[in-house]
Amino acid sequence: MIPEDFKQQLQQHIAGVEHPREKVMDVIFMLQDRFGYLSDELLEDAASLLKMTPLEVEEIATFYEFIYRRPVGGHVIHVCDGVVCWMSGYTAILDHLRGRLGIDFGETTPDGRFTLLPTCCIGYCDRAPAMMINRKVYGNLTPKRIDEILEKLGWDITGKRDDTGSL
Amino acid sequence: MPKLIIDGRHIEVAPGVKVIAAAEQAGIMIPRFCYHPALGSAGACRMCAVKFLEGPVHGLQMSCMMEAKDGMVVSTTDDEAVDFRRFVIELLMRNHPHDCPVCDEGGHCLLQDETVSSGHVMRRHIGKKRTHRDQYLGELIQHEMNRCIHCYRCRRFYQDFCGYHDFGAMGSANRTCFGRYADGPLENPFSGNLIDICPTGVLTDKPARFKGRRWDFERAPSLCIHCSLGCATIVSARYRELVRVEARHNPAVNGHFICDRGRFGFGFANHSNRPHHARIAPAAATYADALQAAVNQLTEISRTFGSQAIGTVSSSRAGMETLMALKILASAQQWRSPSCFQDARQRNAVVSAVIRLSPDTAVCLHDVECSDHILVIAADPIAEAPMLALALRQAWRDGARVTVLDPRPVSLPCEYTHIPVAPKQLSAVLQKLMNALLSSPDTPQFPPLRTSDDAHNAGTVSSPSCDPKPDTALQLPLLAASLQSSQRPVIVCGTNIVSGTVVNAAADLVMQLRASRKNAGIFNILPGANAFGAAIASPDGASFSEILTAIESGEIQALLIAESNPVRWFPDRARIRNAFKKLKLLVALDYLPTPVLDVAHIIFPTQTHFETPAVFINQEGRMQQTSMVHCNGMPLSQQTAGKHPPREFRHDVPGAGAKPAWQVLLELNAALSAVNTPLPSYSELWEQIEQETGIAIDRRPDSDILEGRRLRLETQVHLPETPPPDTPPPINLQEDMSLELYPVESFCGTEELSAYAPILCRMEPMPELIMHPSDAAGCGLTDGGMVTIQSDAVTLDVRLKTAAGTATGTAFLPRHRQLVWRQAGSTDSRASLLQK
């Protein structure tokens with residue numbers, strides 16, 4: 001259920017255009033920024049605001065990788081799995097991230113801080129391998145650089161960790 | 001006109017035609033999955049790759065994306081193209097399960113055919129296949145998403161072609177899946193076509209699951225007789241049971257598709273209560289005994305009361321042969337001519353529609369798609385002629401305007417302007433429109449179209465986009481101007497709630513438009529598959545209400561009913577029951593287990609149009625013939641109650657007591673006339689029909705049986721014009737408010753034949769009384785509440801639905817199977833509304 005004041009904000013945003021559905025991406029991101037992810041309930045509410053069927057919103061929401069239909073952690077790490085990143089050490093980068101965070105693609109750390117997701121090419125081929133966290137792109141990744149980034153985001157890379165990956 | 005060479009064959013095609021379609025014209029079938037003639041090209045599957053050797057393009061290209069151009073030389077068999085297609089198939093098969101032996105599509109699967117033809121027999125990929133969760137999509141379609149090859153045909157059909165938005169494509173890349181947002185029945189009344197267009201087994205026919213392979217079936221081209229459009233079908237049967245109906249391509253009528261009522265409504269032919277043997281009530285009898293008993297009693301009644309004491313009744317679901325045999329019988333025995341219509345209003349409307357249709361003005365459904373302005377008068381397309389709604393959408397997609405003049409809150413899957421007009425005011429409104437057409441004012445701009453903004457709502461009766469009270473007078477000159485500015489206007493006219501006056505006015509409009517050099521056409525909707533034929537066979541027959549009056553006064557002592565069920569649609573059940581009790585003899589011929597058979601004295605079971613060839617004339621005068629799919633008999637599943645078939649040999653087919661109705665009628669005629677001439681064969685009957693009416697079936701070997709042929713109406717017998725009767729609404733509700741109640745059709749639950757189809761009965765919506773919100777408020781009623789229609793004789797409980805698109809002063813009740821609506825008319829046509 002969208003809170004009334006926020007709903008009004010969305011309605012105002014939609015009111016400016018002839019066809020409400022033009023604003024579907026804006027509405028989805030406004031909702032996601034506010035609530036973290038697009039739950040079924042929010043999606044259905046968005047559909048009725050936009051005069052679309054839930055299926056039509058779902059078609060869009062499930063197409064784009066930066067729209068989350070399930071709960072995600074505080075920081076979502078999108079690792080580029082484009083061709084150039086593949087050629088430039090993507091696998092090693094990914095293994096390092098998996099080891100540090102103890103999670104695989106599609107998973108969230110048990111403390112709810114990090115989610116690991118793949119993404120298609122983000123256009124950083126000249127600085128491959130690359131990843132994107134909180135809409136900020138990081139290129140020329142090395143294990144060392146990843147550790148710096150994770151530490152900056154508050155992750156204890158020396159964390160006591162057993163083989164199962166739990167803290 | 002581009003000329004090109006494909007595989008050495010020289011072809012000339014129309015400009016804009018894609019190479020894949022050009023090849024098809026030359027008889028070369030290029031492999032494809034996403035391309036479909038009705039849906040166009042998508043370039044999604046890469047399967048139609050061919051090599052362009054010479055001309056404006058060179059190299060490997062998708063033939064569905066390339067327009068045919070002059071000088072092209074194309075090879076479909078070039079090594080590079082063949083190799084490419086083989087790899088495409090291998091990639092598509094990477095995720096496709098190897099479940100052909102248990103897949104319902106196996107045996108008629110495009111993917112299967114093209115995999116085999118490409119030579120891909122060994123799987124090299126050793127990884128996992130992607131899997132999906134299947135969804136429940138309702139009773140009609142089975143979902144098996146793992147088999148999908150992502151051709152997008154289903155989504156393009158569902159959303160683009162039909163305009164419904166509850167089924168689509170979700171996810172991306174390898175995760176793409178096609179389905180609904182959540183489990184639930186599909187809302188699109190044309191959803192069954194997904195079964196036909198899916199090139200593999202993702203969307204299959206649910207009721208036909210596990211019934212057999214394509215090669216097990218007896219299959220034949222047939223017709224849909226669930227409305228007056230006469231869509232082409234292919235019917236499959238096995239073990240004396242109909243299994244499935246598919247759409248058959250008829251470019252003039254239904255194109256590639258049919259509606260779900262036509263696809264899943266065939267259950268009447270398999271009905272467990274279907275009569276299989278003749279009866280002399282209350283006991284079963286041999287056919288010969290029943291015939292003799294009928295002859296004896298009819299002779300006796302004729303001798304005692306005169307031959308005019310015998311009435312005959314048929315209906316618009318009977319084929320031309322039955323109608324004409326009944327007419328031949330009635331005129332030979334000097335009985336009353338067959339009555340094929342419910343009341344004088346219906347007969348008048350249908351006969352007027354037939355008279356006013358000329359070869360110049362008649363248009364087919366395909367012409368509607370090509371029109372640029374369609375005016376729909378007194379018709380609810382989704383309910384009365386579903387495929388028309390799809391044609392209107394295609395016209396609209398091509399830029400046509402659609403305007404609806406109808407009292408109901410009509411809902412269409414396209415943008416349209418709805419002007420709610422009460423049935424009584426329709427002819428006056430049309431007169432005004434005519435005047436506006438005649439006076440040529442400075443053509444003002446037609447108002448912008450309203451969108452049926454909830455497109456997912458399109459199948460339901462609600463149409464929230466309609467103005468509550470549009471100023472009709474203001475809109476008419478604008479509508480006239482818009483018609484004036486169109487080039488190919490089509491006027492669609494219904495016959496369900498209006499009399500011949502409106503039908504004539506609609507035809508006058510067309511004549512006027514033609515006078516102003518428009519290529520205008522008329523497209524009538526008639527009540528029943530062969531209503532056109534009924535009007536030709538018996539334009540002078542009494543209506544059923546006149547027959548009832550004659551029974552009550554004792555003028556009619558015996559009644560012969562051939563393939564008709566007046567009890568279903570006559571709006572006074574008590575009266576009909578008493579009248580039937582009064583009869584000395586009631587002879588009934590039918591293939592449906594109707595209530596008439598329960599009270600008839602002598603019963604002859606008849607064959608459906610799946611079991612004997614039958615000719616039906618659709619609403620545009622197109623004569624089409626069905627062919628025999630299988631022989632008549634009791635379905636094996638009913639005979640054995642699910643057990644193993646009996647291990648006994650017999651010479652007859654179990655339960656095959658039914659004959660074609662026309663044959664019974666002609667045998668009756670011969671026995672009554674006591675002549676010993678041999679009975680006419682099917683073709684001899686048609687010779688006789690040709691003599692009587694001037695219409696003939698085509699007996700040439702290359703006859704156009706599959707497409708039908710529009711009758712040249714000038715050669716027809718002249719239909720006597722009956723004076724248009726006043727059209728009293730069947731029931732006056734709330735007399736002080738003068739609210740008129742009209743029984744109307746709905747997509748599911750009101751049509752006679754599909755009411756015997758269990759699968760459609762399970763999914764029909766509950767009937768609702770529909771009226772304008774202000775009328776409801778005036779009666780103190782609220783939307784969604786249960787209301788009681790209270791009269792002297794009956795209390796009828798029904799849910800109220802208010803819709804702003806309803807004309808004020810009118811209310812509509814579906815002629816629903818589950819509703820005893822017929823009793824609402826059993827008093828002096830006055831009733832009141834109460835809310836609980």
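**Exercise 1. In what order do the four strands of the open sheet in chain A sit, and what kind of pairing do they show?**

Keep in mind as you work that this is a predicted model.

*Solution.* 
- Step 1: Line up the strands. The open sheet of chain A has the order 2-1-3-4, and its pairing is mixed.
- Step 2: Look at the ends of that order. Strand 2 and strand 4 (136-138) of chain A are the edge strands; each has a single partner strand, so one side of each has no neighbour in the sheet.
- Step 3: Zoom in on one pair. Strand 1 (residues 75-80) and strand 2 of chain A run parallel and share six bridges. Along the way, A:Val76 faces A:Thr115, which belongs to strand 2 of chain A.
- Step 4: Helix 6 (residues 90-101) of chain A lies across strand 1 and strand 2, at about 155° to strand 1 of chain A.

**Exercise 2. Find the cis peptide bonds that join A:Ala128 to A:Pro129 and B:Ala281 to B:Pro282, and say where each proline lies.**

*Solution.* 
- Step 1: Recall the background: most peptide bonds are trans.
- Step 2: Go to chain A. Between A:Ala128 and A:Pro129 omega is about -5°. A:Pro129 belongs to the loop that links strand 2 (114-119) with strand 3 (131-133) of chain A.
- Step 3: Now try chain B. Between B:Ala281 and B:Pro282 omega is about 5°. Here B:Pro282 is in the loop from strand 13 (279-280) to strand 14 (283-284) of chain B.

**Exercise 3. B:Arg46 and B:Tyr152 both have a positive phi. Is each one buried or partly exposed?**

*Solution.* 
- Step 1: Read off the angles. Phi is about 65° for B:Arg46 and near 70° for B:Tyr152.
- Step 2: B:Arg46 is in the loop between helix 1 (19-25) and strand 3 (49-54) of chain B, while B:Tyr152 is in the one between strand 6 (141-143) and helix 4 (153-161) of chain B.
- Step 3: Use the cut-off: a residue is buried if 20 or more other C-beta atoms lie within 10 Å of its own. B:Arg46 has 18, so B:Arg46 is partly exposed. B:Tyr152 has 21, so B:Tyr152 is buried.

**Exercise 4. Check the length of helix 8 (residues 320-332) of chain B, then work out what covers its buried residues.**

*Solution.* 
- Step 1: Chain B has 25 helices and 33 strands, and 55% of its 836 residues count as buried.
- Step 2: Ask how covered the helix is. In helix 8 of chain B, 11 of the 13 residues are buried, among them B:Met320, B:Leu323 and B:Ala330.
- Step 3: Find the cover. The elements over those buried residues include strand 15 (310-313), helix 16 (531-537) and helix 22 (661-673) of chain B.
- Step 4: Step past the end. After helix 8 of chain B comes B:Gln334, with a positive phi near 60°.

Definitions and conventions
Residues numbered from 1 in each chain as written. Chains lettered and ligands numbered in written order. Predicted model: local features only at pLDDT ≥ 70, side-chain atom pairs only at ≥ 80, totals over all residues. Helix = DSSP H or I, 4+ residues; strand = E, 2+ residues; numbered from the N terminus. Buried ≥ 20, exposed ≤ 12 C-beta atoms within 10 Å, placed from the backbone. Pairing = 2+ DSSP bridges. Contact = placed C-beta atoms within 7 Å. Axes fitted to C-alpha atoms, helices over the stretch in contact; angles between N-to-C directions. Expected span 1.5 Å × (residues − 1).
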